[in-house]
Every structure is written in C-alpha cells, then in structure tokens.
Amino acid sequence: MNFIHNPQSVKSSNRKSNRGAALTLTVLLFLFISLAVVLGSASPVLRDLKNAQALIKSKSSYYTSEAGTEDAFYRIKKGKQLSNPEVLSLNSGTVSVATTDVSGTEKDIIASGDVGTNDRNVKLTILAGVGADFAYGAQVGDGGLVMGNNAKIKGTGGAVGNVFSNGPITGASGATITGDTTVATSLNEDVQARSVVCNADQLVGKTSPQIDFGQSFVPSDTLPLSRVSLYVKKVGSPSSPSVKITQDNAGSPKTTSVASATLLSGNVTTSYGWIDVSFATPVNLVAGDTYWIVIDAGTNASNYFVWCSDSNNGLGNGVGKYKSSWSTSGSWTQITGDLAFKTYLGSGTGTITQVAVSGNAKANTINSSTIGGTAYCQTGSGNNKTCDTSQADPSPMNMPLSDANIEQWRTDATAGGTITGNCGDSGVAGCVISSSGTLSLGPKKITGNLTVTNGRTLKLTGVIYVVGNISISNNGTVRCDTSFGADSCVIIADGWIDAGNNANFLGSGTAGSYILSVSTIEGCNGGTQTAGCASGNSGANLANNLTGAVFYTSKSMINMANNAELKAVVGYKLNLSNNTEIEYEQGVADANFSSGPGGGWNVKSWKEVQ
Amino acid sequence: MPSLSSIRSRGFTLVEMIVYSAILGVVAVLATNATLAMTRAFTDLRISRDLNSSATALFERITRDVRGAYDVDAAQSTFDTNPGRLMLSTKDSAGTSTTIEFYVTGNRVNIREGGADQGSIMTTSTSVSSFIVRQLSNTNTKAIKVEAIISATRGGITKTRNFYTTVVLRGTY
C-alpha cells in the first residue's frame with residue numbers, strides 16, 4: 001500500500017513528468033519536421049547548383065574552343081606565326097588548337113577546350129579563297145598618305161573608314177579620318193651596310209681639299225633608306241652640314257643627290273658618338289647597287305668635324321673618299337680605311353601630322369592632331385590628347401594582293417586571247433565601242449591602250465589585262481557583267497589608270513560586287529610630272545565624280561582629285577587633294593574574285609564535334 | 001472510501017481541460033500549417049527545377065543545332081507566331097546534308113531529324129504554352145531567336161516562366 005500511503009506526492013510527480021513529456025514531444029515533432037524540410041529542399045538545391053556549375057563549365061569550355069579557333073584562323077589569314085598544336089590558357093581553362101592540312105588549299109582547325117574536365121571541341125574548315133582582304137578604307141604602303149584640306153576618309157552606313165599606312169600620314173586643315181588610324185614603324189639596321197671600327201681621324205672641312213667626305217655602301221635589301229648614323233665628333237663649333245645620299249658614278253659619288261638631310265652640329269660633341277641623320281623623304285635603294293653617304297661641309301680651320309675611319313678597309317664593298325666640293329666635276333681622292341657609318345632601311349618611324357582622327361590613332365609620333373579615341377604614341381606634340389605609351393609601335397603590313405596574284409590574273413586574261421592594238425573609243429576591229437554603245441569583253445589581253453569615254457560602256461566578262469594605259473572619262477563606264485553576281489571583277493594595266501570626270505567604275509549590280517582596278521606601273525610617285533605617268537605624276541589619277549571602285553597600285557602613287565568617291569583604295573602612296581572623300585564600304589573587306597589566286601583564307605564550314 | 005473520492009475530486013477541472021485543448025489546438029494548427037507551407041515550398045522548388053531542367057534541355061539542344069546549321073528553310077518554318085516551327089538545313093557528322101526540325105505537338109516541343117520523329121525534348125512534367133521562332137538576317141549572317149513560355153504543374157500548383165535565346169548560324173559563311 002505504499003503507493004497510496006502518500007497519494008498526493010505520487011500524483012504531483014506524475015503530473016510533473018507528464019508536462020515535461022508533452023513539451024519534449026512537441027519540440028521533437030517540430031525538430032523532425034524542420035529536419036525533413038531542410039534535408040528535403042537542400043538536396044534538390046545542391047543538385048541544381050551542381051547542374052548549373054556543370055552547365056557554366058561546359059559553356060566556358062565551348063567559348064574557350066571558339067576563342068582557340070578564332071585565334072588560329074586569324075593567324076593563318078594574316079600570315080602570322082602559329083604553333084601546332086597551339087595551347088592557350090583562358091581564365092581557368094585551356095584550349096589546344098591543332099591545325100591540319102587537308103590539301104594545299106584546305107585546312108582543318110580543331111580546338112579542344114577544357115574547363116574543369118568539361119571538354120567541348122570545335123572544328124573549323126577553311127579554304128584558300130579567291131578573295132582579297134581589303135580591310136581598310138585606305139591601305140597605304142611605304143610612300144605614305146598625304147591629305148589636303150578637308151580631305152576625308154569615312155565609311156558608309158555607320159561604318160567607319162579605317163586607315164593603315166606603312167609610311168607617314170600628313171594631313172592639313174580639316175583632314176579627317178573617321179575610323180582608326182595606324183601608321184607602322186619599320187626601321188631596321190642593314191648590318192651588311194655598315195662600318196663600325198674606329199682607328200683614325202678624318203678631319204672634315206679643316207683644310208682643302210679634305211672638305212666633303214663620302215663613304216660608299218651596298219644595301220642588302222630593296223627598301224627605303226630612312227636613316228644613316230655617323231660616328232663623328234667636332235672641334236670648335238662648326239655649322240651644321242648636309243648629309244647627301246648619291247648614286248655611284250664610276251666608283252665615286254654622283255654630283256646630284258637622291259636624298260638630303262642635315263647633320264645637326266648641336267647633337268655632336270667633342271668626343272666620338274653615333275649621330276643619327278634621318279631623311280624626311282626616305283629614298284628607295286635597290287639591293288646590290290652602290291650608293292654614297294656624303295657630308296657636304298664648309299671650310300674652317302678651327303671649327304670642323306672629325307669622322308672616324310678604320311685603318312684597313314674592313315668593309316668589303318665600300319670605300320671612303322674626299323673632294324673639295326662634291327657637287328662639282330672632278331675626281332675624288334680615296335682614303336685608307338672606311339668611314340664609320342650605319343644604315344637603317346624601312347620607311348622610318350610612323351608619324352601622323354595634322355589629322356582629325358575620330359577613332360584611335362596609333363603611330364610612333366603624333367603631332368598637331370585631334371584624336372577622338374586614344375592616342376597610342378611614343379612622342380607627340382600639339383595634340384588634344386597626351387600619348388598613351390602602353391603599346392609598341394605597329395609593324396608594317398603587307399599589301400592585300402601579292403605580285404603572284406597579279407601575275408595569275410595576267411595569265412588568266414591572256415588565256416582568253418590577245419587583242420593586238422587599242423580598245424574602246426577608237427579600238428581595232430573587234431574591240432571598238434560605238435558611240436553610246438556597249439562592248440562585252442574578257443578574259444582578254446589588250447596590247448595597246450584602253451579608252452572609254454562619252455557614254456560608252458565596257459562590260460567585263462572576265463579579267464582584262466591592258467599592257468598600255470587605261471583612260472575612262474565623261475560618263476564612260478567600265479563594269480562587271482551581271483553574271484559575276486556577288487563576285488568582283490578585275491582590270492589590270494601595266495601602264496597608268498586615268499579616271500577623268502564622271503567616270504563610272506561599277507560592280508555587277510549585286511551587293512558585294514566591285515571592280516578592282518590595278519595599275520602595276522612603277523615610280524610614279526608625285527612631284528614633277530614625268531612622261532609615262534598619269535596626271536599628278538601618279539600611277540592612278542582619279543578625278544571628279546568618280547563612283548564605286550577599288551583601286552590598287554602596288555608601286556606608285558594614287559592621286560585623288562575633288563569629289564572622287566571610292567569604295568577602298570590601296571596604294572604605295574596616296575595623295576588626297578582638297579575636299580576628296582573615300583567612302584569605305586564594309587563589304588569590300590571580303591571581296592571575292594571569280595578568277596585568280598586567293599588573297600586570303602575563308603571559312604568553308606564550322607562544326608561542334610565530339 | 002474517502003481517499004478515492006478525494007482523488008477523483010482532484011481530476012482535471014473544466015477550465016484546465018479547456019486550456020489544454022486550446023493549447024493543443026493551437027499547437028496542432030501551427031504544426032499542420034508549417035508542414036503544409038513546407039510541402040508547398042518544396043513542391044514549388046521541384047516545379048522550378050522541372051521548369052529549369054526542361055528549358056535547359058530544350059534551349060541547349062536548339063542552340064547547338066542552330067549553330068551547326070548552314071541555312072534555315074524559311075518555306076518549311078513558321079516564324080513570328082505561336083506555335084512556331086523551325087526547319088534547319090544542316091550536315092550530320094558524316095558531312096551529308098540533312099534537316100532538323102523543331103515543332104510543337106501535344107504542348108511539347110518535339111524534334112525531327114532527317115524527317116524521322118525523335119520525340120519530345122522537354123520533360124513530361126512541363127508543357128509549352130507558347131513557342132515562337134524569329135529569324136534575323138543580313139546579307140552575310142542569319143540568326144534565330146527562340147521564345148518559349150513553359151509551364152509545369154505539380155500537386156495543383158502551376159508555374160509559368162518565359163525563356164529566350166538568340167543564336168547565330170555558324171555552319172555557313
């Protein structure tokens with residue numbers, strides 16, 4: 001009877017434990033519900049996260065592969081160095097790009113992207129296309145670009161007109177380029193044309209006849225000579241003499257120079273040093289020919305220069321000589337030894353002067369220009385922006401067409417037959433165009449000249465190769481036949497091209513079709529008019545109201561007069577007169593030709609592969 | 001038995017009963033509510049997952065096939081309206097020309113490869129209420145924009161979301 005001995009105490013203890021159990025149960029119930037909910041929702045969330053991460057890595061891998069193929073394709077297209085396989089690291093991933101030749105004109109680029117073991121592969125097949133890459137509104141060779149007042153290079157339909165020049169760009173008031181403007185720097189020492197040993201002093205201009213000194217050299221490459229460097233010191237303070245480059249005349253300097261610059265006396269000290277002499281207009285030297293560097297000094301017994309020479313004629317293909325006056329007739333006297341000099345070939349340091357550039361400007365030196373974007377330069381003055389020196393000077397770019405391309409076109413034209421004599425207005429039988437008439441022609445080689453004027457039309461059904469000159473004016477038209485479709489056609493002249501007032505150069509009528517007019521004439525580079533060059537002493541002279549064409553001269557100047565409107569222009573040198581405009585059309589960048597060799601590589605197919 | 005009567009008299013009073021019942025009621029309601037809310041949230045989560053995985057499968061497949069295609073067969077495709085249809089001209093792994101077609105049937109997007117039906121590329125718990133294909137093109141490039149409104153239903157809860165993508169055809173240059 002123990003349990004009822006003190007019933008009150010039993011009851012109260014029961015009640016206490018009952019109360020505790022209810023609370024514990026409630027807490028446990030909530031705990032289990034919460035746990036079930038947390039675990040139940042955590043696992044799908046984690047799974048989702050894993051899926052999303054895998055998806056992101058897979059996409060990264062894909063884009064890494066894409067980047068790899070793009071890089072390899074760009075390098076092949078632009079003829080840049082490409083290792084095989086090329087391995088690149090991008091963010092956290094890597095891509096290995098393998099390039100295999102399927103045939104001489106076809107390549108496979110396979111990129112395998114790998115981001116966190118997620119592999120995705122992209123295969124790009126490219127073909128050596130029959131196209132040329134006219135990627136600039138104006139691409140200019142070593143001769144450089146000269147722009148007159150208000151001359152403009154722009155693009156159609158919102159596009160910009162970019163300019164690339166291997167030579168200097170010189171503008172004028174209102175000269176405008178709406179796109180990016182790049183001027184390459186090319187200057188390399190010709191190590192075969194130098195003498196750097198200093199053993200003996202040659203006193204220049206102290207006593208007669210040791211006044212004008214000359215040193216001969218033979219350049220190893222056919223390139224412009226833009227700088228020479230002389231190992232000189234001075235005594236007293238002589239005035240700055242001229243340094244001339246002359247051709248050779250029977251083992252001595254000629255009495256006329258091909259280039260001239262000043263040796264600044266202020267740069268010379270009383271101890272020997274290499275003093276640079278840069279030529280504002282680099283002169284084209286021919287490899288293997290002999291040239292002379294001549295100092296044209298004055299005479300002063302207490303103020304003169306000292307040019308160092310070696311003692312044993314160490315330079316095999318050069319000698320040192322002196323004479324009282326280089327430009328008068330008479331013989332030179334040879335010294336023992338070669339005067340110390342260095343030569344630098346290339347078009348020199350890139351400069352942009354007095355141009356309004358809407359995009360980025362990139363050159364070694366930019367002066368007096370207004371830049372909309374960034375001015376990438378090493379030195380500059382008078383600009384609205386300071387130089388951003390973060391980028392190296394741009395390297396020269398090759399012309400979009402090679403000599404082999406042009407030769408192939410000549411061959412293609414000749415294969416279609418030869419017309420002996422002139423064509424066009426007063427052409428020979430079979431190649432005459434009646435007044436306001438139309439003649440379809442090509443592929444054909446014409447041994448004479450081609451003249452199309454006064455409403456006449458020449459329709460190209462193939463490549464036309466003119467051995468003489470091409471002259472189109474007064475509503476004369478040269479166009480591609482409609483059968484070209486979106487392809488472009490080609491007309492080549494060994495002589496000059498003159499497109500006079502209202503000359504029409506047209507494509508087939510389909511978008512993307514252009515007429516490419518090529519002149520291969522050499523040496524017509526402006527200046528004094530010479531026979532055998534077009535007006536303005538140019539290789540191609542393009543006058544008023546000209547419409548729609550791509551012009552190309554590889555070795556001469558293109559001269560553009562008022563209001564000429566072009567799709568694109570490529571020349572060794574380009575002169576834009578006042579108010580001229582080049583209106584670049586983006587389609588020109590991938591101009592395709594139905595004949596001739598490829599100017600670049602085009603994509604045949606793209607595929608994502610396993 | 002005075003002791004027994006004294007125990008009985010010490011049982012739960014009416015007030016105690018009412019208070020206990022009330023507390024129990026409140027706790028039960030709270031617990032049920034919490035459980036229901038959690039179940040709903042869980043269902044919601046699963047629907048979102050259904051939607052996402054279905055859309056991912058659909059869009060990844062379309063993206064991959066559009067990229068690889070070299071042309072769009074405009075005559076066989078239905079652009080700009082619902083239900084849309086997309087007929088792509090493409091090449092298989094061996095390089096032979098074939099077609100890939102995306103079309104809507106039974107509220108799901110199905111795929112046909114070379115004319116042979118390959119079934120749906122969406123999960124069974126989802127349906128597409130709008131599938132619109134648009135074509136963008138210029139002289140050089142074609143692109144396809146796909147818009148899909150996808151719904152999923154589970155335990156009486158329905159969720160709808162819009163998905164978009166635009167892909168450029170890479171098979172042609």
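Which strand of chain A does strand E7 (residues 152–155) of chain A pair with in the parallel sense over two bridges? In this predicted model, that partner is strand E10 (residues 176–177) of chain A. Within this pairing, Ile153(A) sits opposite Ile177(A) in E10(A). E7(A) also pairs with strand E48 (residues 581–584) of chain A, again in the parallel sense, and here four bridges are involved.

Stepping back to chain A as a whole, its secondary structure comes to three helices and 50 strands. The chain has 610 residues, and 47% of them are buried. Now take the contacts in chain A with a separation of 6 or more: 65% of these are between residues 24 or more positions apart.

Chain B brings its own sheet into the picture. Three of its strands make an open sheet, in the order E6-E7-E8, with antiparallel pairing. The edges are taken by strand E6 (126–137) and strand E8 (157–168) of chain B; each has a single partner strand, so one side of each is left without a neighbour in the sheet. On average, and ignoring direction, neighbouring strands of this sheet are turned by 10 degrees against each other.

Looking at one pairing in that sheet, strand E7 (residues 142–154) of chain B runs antiparallel to E8(B), and 12 bridges join the two. As an example of who faces whom, Val146(B) has Thr165(B) in E8(B) as its bridge partner. A helix comes in here as well: H2(B) lies across E6, E7 and E8 of chain B, and the helix runs at about 20 degrees to E8(B).

How many residues does each chain give to the contact? The count is 21 residues from chain B and 21 residues from chain A. On the side of chain B that touches chain A, helix H1 (2–9) and helix H2 (14–68) of chain B each supply at least two residues. H2(B) provides the largest share of that side, with 14 residues. As for the kinds of residue that chain B uses to touch chain A, there are nine nonpolar, six polar and six charged ones.

Key:
Residues numbered from 1 in each chain as written. Chains lettered and ligands numbered in written order. Predicted model: local features only at pLDDT ≥ 70, side-chain atom pairs only at ≥ 80, totals over all residues. Contact = placed C-beta atoms within 7 Å. Nonpolar A, V, L, I, M, F, W, Y, C, P; charged D, E, K, R; others polar. Pairing = 2+ DSSP bridges. Axes fitted to C-alpha atoms, helices over the stretch in contact; angles between N-to-C directions. Buried ≥ 20, exposed ≤ 12 C-beta atoms within 10 Å, placed from the backbone.
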